[in-house]
Amino acid sequence: MDQAADRRPTEFGECDEFWCRNPGALTRTTPRSIVISTEKAPAPLSIRGVAMLVWLSLEGVRSTGELSARLEEAGIPANLAHAETRAALRELVEIGAVVAR
Amino acid sequence: MNVEAPAVWGDTWNTARVIASHDLVGDSEVISTAETNWPRLLTLLSQQRLCGLALSAVDARVFKLAGKQYDELLDQHEMQLALDLQIERLVLACFGQLENLGIDARLLKGPATSHRFYADPALRSFGDADILVRRADFRAAIDAITRIGLSRRREPPRAWFDRYVKAACLVRHDGLEVDVHQMLTPGPYGIIIEPDTLFRTPADRVLIGRRSVACLDPVMAFVHACVHAALGDPSPRFVSLRDVVTILQLGLDATELRQLVSEWQLEPVVARALSLAESVLGIRVEHSVIEGYRSYQPSRRDQWRLSSYDSGASRFDRQSAATFWELRSFRDRAEYAVALALPARTYLRARDSTYSERLRRSMSLARSWRPK
């Protein structure tokens with residue numbers, strides 16, 4: 001289609017933390033994903049669902065209220081934030097990344 | 001200068017226009033697209049780098065899309081964002097090289113604009129990186145960046161001609177481009193805007209990843225956005241025109257702006273950029289800073305300079321001739337003319353031309369483009 005068309009980011013559906021701990025990470029947020037490039041993995045990845053929530057939690061989000069606000073700031077629509085987010089939130093609460101209030 | 005909607009795009013052009021300006025006006029019209037038009041609209045949104053703004057328009061309920069169309073828009077947006085990040089990574093590599101050599105540089109346009117002047121950098125994508133250096137550092141900066149795997153796309157007609165070029169385009173093996181600038185624009189205004197004055201005020205900073213990169217202060221960034229919109233491509237992208245309005249709306253020091261515009265004789269350029277932004281985006285820009293420019297009447301000299309940037313087959317030739325007359329010293333004019341009329345043999349061969357042909361053409365252009 002154009003210059004961008006052959007640069008599709010690799011889809012990366014599972015949670016993997018190597019990238020979110022990288023201080024040189026470059027990111028962009030879309031309503032369904034985070035596109036991320038790190039120094040170790042410069043070819044951008046598109047990360048969806050649970051991995052995005054883990055990233056938000058590691059960025060300093062420490063409560064469900066704050067998480068909702070961050071999702072809203074990131075322009076993530078409510079319908080996406082529902083099913084996937086609730087399930088992911090439960091997991092995050094269980095591992096202690098997010099404190100439920 | 002008038003930019004008309006290209007006929008090839010039909011109704012999709014107006015849809016793209018509404019998307020490009022939806023958050024710049026109070027009440028934007030609500031738009032949708034017929035299924036048959038969607039592939040063409042998606043291509044246009046991608047070419048104009050408007051996918052982020054299209055998603056923002058969907059979110060604001062200005063742009064209605066079917067579920068499948070929304071997914072396709074997201075796919076395209078992710079691809080563009082991946083390109084944005086690759087360019088940003090390249091920017092960091094270039095600045096790392098330049099800093100190692102003590103070369104002062106300023107990041108221009110794309111990432112410097114999207115991170116500082118847009119609510120979210122994902123709203124403003126770009127296609128290459130532009131880096132400004134001082135004239136004295138131009139060659140050293142090119143050499144530094146070639147050391148990280150980029151090569152110059154086109155050599156100048158004579159080695160000394162580098163003094164007069166706006167920028168050198170460097171390309172990496174994967175097609176990513178970095179333009180190393182020593183001027184903001186080619187043609188007569190490139191000579192009038194003394195390039196090193198762009199470094200006289202302290203740099204502003206933009207955070208890319210966690211690295212702070214030097215860029216132009218907001219007033220200079222606005223002036224550059226105007227120069228790019230008014231004197232760059234004769235059919236500027238929607239995003240280039242949006243930049244003019246977006247930077248302006250964030251607030252600028254009016255006194256500083258007027259001084260700078262006056263010093264660089266850019267009143268007609270700012271006026272042209274604002275007029276283009278308003279007519280192409282279909283909006284009215286209300287801002288006290290610009291009222292003086294809206295009514296600005298260009299002199300004959302202004303009109304002569306501006307016309308060298310108008311569209312047409314001989315645009316480069318016209319700009320070259322106008323540049324010749326704008327150069328201040330006899331020595332500069334002589335060097336400039338000799339390089340263009342009598343370039344190196346390899347340069348001539350690549351263009352399938354002859355010395356007598358170039359000499360004749362150069363003299364004819366210089367005569368017909370004498371200042372009015």
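Which residues lie nearest the centre of the largest cavity? Select B:Lys109, B:Thr113, B:Ala221, B:His224 and B:Ala225, which are among the 16 residues lining that cavity. A cavity is a set of points, on a 1 Å grid over the protein atoms alone, where a 1.4 Å probe fits but cannot get out, and lining residues have an atom within 4 Å of a point.

Before going on: this is a predicted model, where local features need pLDDT of at least 70, side-chain atom pairs count only at pLDDT 80 or more, and totals for chains, interfaces and linings use all residues. Residues are numbered from 1 along each chain as its sequence is written, chains are lettered from A and ligands numbered from 1 in the order in which they are written, and side-chain values use heavy atoms, with hydrogens and water left out.

Stay with the largest cavity: its volume is about 130 Å³, counted as the space filled by probe spheres set on the points, with grid points joined across faces, edges and corners. Now colour β3 (105–108), α5 (109–117), α8 (218–231) and α9 (238–249) of chain B, the elements that each give two or more residues to this lining. Helices (H or I, at least four residues) and strands (E, at least two) are DSSP runs, numbered from the N terminus.

Next, hop to the second largest cavity, with about 30 Å³ of space. Its lining includes B:Arg49, B:His77 and B:Ser125. Show α3 (51–59) and α4 (67–100) of chain B here, as each gives two or more residues to that lining.

Technical notes:
1 Å grid on protein atoms, 1.4 Å probe; cavity = no way out; pocket = protein on both sides within 12 Å on 5 of 7 lines; lining within 4 Å.
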